[in-house]
Amino acid sequence: MSVIKVAILGFGTVGEGVYRTIQSHAEELTSVLGRKVEVAAVLIKNKQKTRDIREDVLITTDFAEILNLPQLDVVVEAIVDKEQPFTFLNQAIQSGCHIITANKEMFAHHGNELLELAENYNVSVGYEATVAGGIPIIQTLRQLLNVNRVRHIQGILNGTSNFILTEMREKKQSFADALILAQEKGYAEADPTNDVEGFDAFYKTMILSRIAFGEQPNWKNVERAGITSISRELIETAEKMGLRFKHIASISKTGSQINAEVKPVLVGKSHPFYSIEGVENAVNIHSDIVGSITLQGPGAGMYPTASAVIEDLVYVCQNRSSNKSITKTTAACDGEKKGNEKELWLIQGLSKNYNNPLITWVAQASDKIAIIKATKEEIEKLINLKKATCYFQIIGEYDTEIKNKEVTLAVL
Ligand code: HSE
């Protein structure tokens with residue numbers, strides 16, 4: 001029986017998870033692909049570290065040695081960096097290998113170039129692991145929603161942030177302790193700034209935008225914020241008001257314009273993301289024929305990410321085209337309308353006596369925290385004038401009838 005030879009670049013959480021899963025699911029892979037899958041090489045950085053890798057596998061720090069292997073079929077990339085892995089994958093494609101990547105930052109920057117090159121060399125690109133961990137969101141969009149016009153996508157795309165917010169609320173953990181736990185569990189990036197400041201979710205959003213709309217928005221026009229401004233006091237007060245903080249990415253297309261933002265918002269009980277907890281991710285796709293679909297599952301960690309890579313392995317070995325089905329959507333999409341409408345906000349620091357006819361007070365949770373209705377422009381003015389310290393949008397429906405005995409909550 002012939003063999004499919006795979007090289008794994010990087011042996012961190014993801015690389016090791018892929019290696020182990022290829023061993024543990026060898027029979028399943030052989031039965032689906034009709035050929036045995038064998039890890040032929042692993043690219044590492046540090047030769048001194050001990051690793052549990054079979055003796056017949058080439059372990060090297062030199063990518064050229066890997067490319068020189070006879071009959072290499074697939075290169076799986078799970079390196080923490082942007083430019084070097086891009087160079088490796090370029091070379092791999094030009095050597096006739098299919099490629100699979102879990103590298104969001106690299107793929108958000110260079111995905112188009114890799115997909116075009118792969119098409120020219122008639123090889124496939126798998127990148128399911130770049131977005132939402134184990135949730136098969138990319139294949140769903142790429143394979144199953146070919147005729148539907150996607151209007152709007154919302155997602156919790158960073159497992160670490162969702163995990164930290166859940167720990168802070170449920171277990172009253174500090175931000176720092178919750179982050180350490182996320183790192184110990186293998187959820188966080190090597191530099192967790194990417195997680196907690198929203199960069200990781202931003203890259204994932206850009207990848208989704210390309211699949212849903214055939215292109216990315218101008219990165220400079222995308223609002224990106226992380227979760228570092230959310231205190232435990234805010235989380236607790238919001239909970240008493242029937243709201244939870246979620247870090248949500250949102251993309252829609254209005255005419256030819258793609259609108260995207262990645263930021264923490266508040267959702268009420270009726271929102272599909274209210275109960276997405278811990279390391280879970282969720283993606284809600286709203287499209288014209290089917291309506292609304294929500295996919296939910298583990299968004300980070302060794303095996304969820306390995307699952308996405310292994311499914312890609314089958315996909316690329318069947319040499320399915322990665323690029324052909326994605327074209328710029330020319331049909332009119334009437335996604336979220338961005339007007340100057342009044343929206344609901346949780347605001348901190350605004351004095352109860354502050355009087356402004358453009359602002360409607362909805363509920364007062366404490367001296368410092370209230371829910372108001374105003375336009376984004378008005379809210380930004382309050383911040384610029386230092387009348388308030390921070391604000392968070394409430395999305396979806398909010399039940400203003402909430403009355404909680406534990407809090408002096410005045411519904412105004
Ligand atoms: N650090 C990422 C997260 C890993 O927490 O979502 C999965 O992409």
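Two helices, helix 5 (104–120) and helix 10 (199–213), each supply at least two residues of the lining of the largest cavity. The model described here is predicted. Helix 5 gives the most to this lining, with four residues. The lining of the largest cavity consists of Phe107, Ala108, Gly111, Asn112, Tyr127, Ile207, Arg210, Ile211 and Gln216. By class, five of these residues are nonpolar, three are polar and one is charged. The volume of the largest cavity is about 60 Å³. The count of cavities of 30 Å³ or more comes to three. Domain 1 (3–126) and domain 2 (147–298) both give residues to the lining of the largest cavity, so this cavity lies between them.

The open space was examined next. The largest pocket holds about 1100 Å³ of space. It is lined by 49 residues, and the closest to its centre are Gly12, Thr13, Ala78, Ile79 and Val80. Several helices give two or more residues to this lining: helix 1 (13–24), helix 4 (83–94), helix 5, helix 7 (159–170), helix 9 (193–196), helix 10 and helix 12 (302–317). Helix 1 gives the most, with four residues. The lining of the largest pocket has 18 nonpolar residues, 18 polar residues and 13 charged residues.

Threonine 160 places a polar side-chain atom 2.6 Å from an oxygen atom of the ligand. For lysine 104, a polar side-chain atom lies 2.8 Å from an oxygen atom of the ligand. Tyrosine 187 takes part through its backbone: one of its polar backbone atoms is 2.7 Å from a nitrogen atom of the ligand.

Six strands form an open sheet, and their order is 3-2-1-4-5-6. The pairing is parallel. Strand 3 (58–60) and strand 6 (125–126) stand at the edges. Each has a single partner strand, so one side of each is left without a neighbour in the sheet. Within the sheet, strand 4 (residues 74–77) runs parallel to strand 5 (residues 98–101). Four bridges join these two strands. In one of the pairs, glutamate 77 has threonine 101 in strand 5 as its bridge partner.

Note on methods. Residues numbered from 1 in each chain as written. Predicted model: local features only at pLDDT ≥ 70, side-chain atom pairs only at ≥ 80, totals over all residues. Heavy atoms only, no water. Pairing = 2+ DSSP bridges. 1 Å grid on protein atoms, 1.4 Å probe; cavity = no way out; pocket = protein on both sides within 12 Å on 5 of 7 lines; lining within 4 Å. Points joined across faces, edges and corners; volume = space filled by probe spheres on them. Nonpolar A, V, L, I, M, F, W, Y, C, P; charged D, E, K, R; others polar. Domains from an automatic or database assignment. Polar contact = N/O pair within 3.5 Å; in protein donor to acceptor, adjacent residues only side chain to side chain.
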